[in-house]
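Here are my notes on the two-chain model. Please read them with the structure open.

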Amino acid sequence: MEKYRPKKIEDIVGNEEAKATFIEWLKSKRKTKKAVLLYGSPGVGKTALVNAAAKEFGFTIIEMNASDTRSEKAVNEIAKPATSYLALDTFTAESKGNLLFLDEVDGIAGNEDRGGVSAIIDIVEKSRVPVIMAANDPEVDKLRPLKKVCLLIRFHQIRLPLIITLLQKICLLEHVKADFEALEHIAQNSKGDVRSAINDLQSLGEENHVLTLQDTMALAPRNKDIRMDETLRGFFSAKSVDEASSLLFRSSVDYDEFIMSVSDNLPRRYTNPDELAVAYDYVSQADLFRGRIGTEYWHLLKYFFNDLSKAAAVAPESYKPFEFISPPIRIISLFWTKGKRTMLNGICGKIGAQCHVSISKAKHEFVPFIKIMLQKQKSSALISWLELTPEEVDFLVKMNRY
Amino acid sequence: MVIVLNPKGFKLPRVEKEKFTLLIRLGLDYNREQCLYSIKNFNNIEKVIDTIASILNTEVVFSQTCIRCGKNFPCSECKYNDLCATKDQPFSCVCPQCLRDRKLFEEYLEKL
């Protein structure tokens, strides 16, 4: 893979228009925008273009990527000196000075990276060197202010014919005799990601110098959108923690809904109470990690997957196919009781308005007594004072629990 | 009917001021001497295509330029058209003839 990393701009496949716009911006001396944001899905050549262009035009890259902390302090410590002063070698013929490259800016998140975006904007405005940013998803809310100060360049997914061309070129250089259909299959499997296509070709071509369509059939599908029922089936039939874990990594299910579904289906999976207890222990540990992850700490996701996968592999030998409960019972019950909950909230709103209390307080402290009063005697004074409709009165009288 | 336009230069009927301003704002360039439009910025290409389609009152696609032989061809000629996630844009690809022809490919590699 490293051998075929693009070294020159023309080595980068596809996105000719984006490449031309970027090069024009990099070469121009009086830039209308001081920064550029390259965006597009992974493996389309954003980082490769920056590296190749910097090498070709003699820039020294100062890079901060997702593995670095990008808080206000860190950005100011690293990026500010690199962009505020012109490097001494700028005055030599070979070098054009520094270039600040912030990769995966859409990944700036959480407490660790607090103030990072505003610090970057400040740097862009004062910078004396080109500032280049790359993102997979530019629609992230926090990037909105950043987009205003950047020239946006969109990278499309690489088309199949272009990936096939690249694979053909690599095969020719590596003396691998590959069938056109085999390369076509690798390219289709990569879903526009050149990096993964080259990786697949490398893994298949390393073993033999003749590549047929049959050889490529063993490739694991990439980016496959595995739905809930498929994920549940694969999860419960997993023979090991690794198998269940790799399935979870590939699936795109909602984790909250998935853990509820697992919890509902565990008694059907494990009929032995001891095994069931162990499995529920693992699910509860996984749930703890899900709570800690929240919306920010996604680095804990592996622990969530690991604990959940352990629940699937408590007794792999005892697996028998069963019918799944899906969607989760909790979601179904919320769906069925939505009408009742809306009615109760409406009543509590009326009580709250008359008694000057919150809806929650009305629900827990007033409704039980009003219910008893109405059951004993349908007091017209109380009904008219609270302005309850006959349906609401009927609902309160017949209500079992709230 | 689908009209295939060349992104490097195409003609449009005379449009009112608002439409012209919109086209320029969306990233088109206009050459007054040759009366030709060309695409300068590709970020809003979907909106450009929609606006041109509304002006011409028909479906519009831009032709692709083959990176090997330089020939212009529409995406509809490609057998991967249904699988392609970036149909009709951007405008560089490999034409079906060049893709299958090994001799042409080796000639292309020699040129690089």
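1. Terms first: helices (H or I, at least four residues) and strands (E, at least two) are DSSP runs, numbered from the N terminus. Chain A has 19 helices and seven strands.

2. This is a predicted model: local features need pLDDT of at least 70, side-chain atom pairs count only at pLDDT 80 or more, and totals for chains, interfaces and linings use all residues. Residues are numbered from 1 along each chain as its sequence is written, while chains are lettered from A and ligands numbered from 1 in the order in which they are written.

3. Chain B has four helices and seven strands. Read from the N terminus, its order is β-α-β-β-α-β-β-β-β-α-α.

4. Burial comes next. A residue is buried if 20 or more other C-beta atoms lie within 10 Å of its own, with C-beta atoms placed from the backbone. In chain A, 34% of the 402 residues are buried. In chain B, 21% of the 112 residues are.

5. Two residues are in contact if their C-beta atoms, placed from the backbone, lie within 7 Å. Take contacts between residues at least 6 apart in sequence: in chain A, 75% join residues at least 24 apart. For chain B, that share is 56%.

6. Which residues form the contact between the chains? Chain A gives 20 residues and chain B gives 17 residues. On chain A, α1 (16–27), β5 (150–154) and α6 (160–173) each supply at least two residues. The largest share, eight residues, comes from α6(A).

7. By class, this side of chain A has seven nonpolar, eight polar and five charged residues. Here Ala, Val, Leu, Ile, Met, Phe, Trp, Tyr, Cys and Pro count as nonpolar, Asp, Glu, Lys and Arg as charged, and the others, Gly among them, as polar.

How values were computed
A residue is buried if 20 or more other C-beta atoms lie within 10 Å of its own, exposed if 12 or fewer, and partly exposed in between; C-beta atoms are placed from the backbone.
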